[in-house]
Amino acid sequence: MESSHKFLPSVVIILLLVVATEVAPTNAERECEVQSGEFTGLCLIHDNCAAVCVTEGFTSGRCSGWNRKCMCTKSC
């Protein structure tokens, strides 16, 4: 019984490492996010926000936060 108590923490650590390596993307690019300088009003439709962000030189945009700001995104 005592040997199983010594073995269990090792098994848990190995399982956590396996799960962490499966979940974490290895070649993912970081994404930078900046509030739109041109979008006015509450951001309710993601497509409208994205269209404004593209005109500002970003790759996309989305409505974010409880105050519904248009946040533009691009790869860092």
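Start by selecting residues 60–64, strand S2, together with strand S3: the two run antiparallel and are joined by five bridges. Two strands count as paired if DSSP finds at least two bridges between them. This is a predicted model, where local features need pLDDT of at least 70, side-chain atom pairs count only at pLDDT 80 or more, and totals for chains, interfaces and linings use all residues. Residues are numbered from 1 along each chain as its sequence is written, and side-chain values use heavy atoms, with hydrogens and water left out.

Now click on Cys63. Which residue stands opposite Cys63 in S3? That's Cys70.

Next, look at the hairpin of S2 and S3, with four residues between the strands. Pick out Gly65 there, which takes a positive phi near 85 degrees.

Then select residues 69–75, which is S3, and residues 31–35, which is S1. This pair is antiparallel too, over five bridges.

Time to zoom out. Colour by secondary structure and you'll find two helices and three strands, in the order α-β-α-β-β along the sequence. Helices (H or I, at least four residues) and strands (E, at least two) are DSSP runs, numbered from the N terminus.

The chain exposes about 6100 Å², with carbon and sulfur atoms supplying 61% of that; the areas come from the Shrake-Rupley method with a 1.4 Å probe, and for residues only the protein chains shown count as cover. Of the 76 residues, 17% count as buried, meaning under 20% relative accessible area (1.4 Å probe, protein chains only).

Notes:
Buried means under 20% relative accessible area, exposed over 50%, partly exposed in between (1.4 Å probe, protein chains only).
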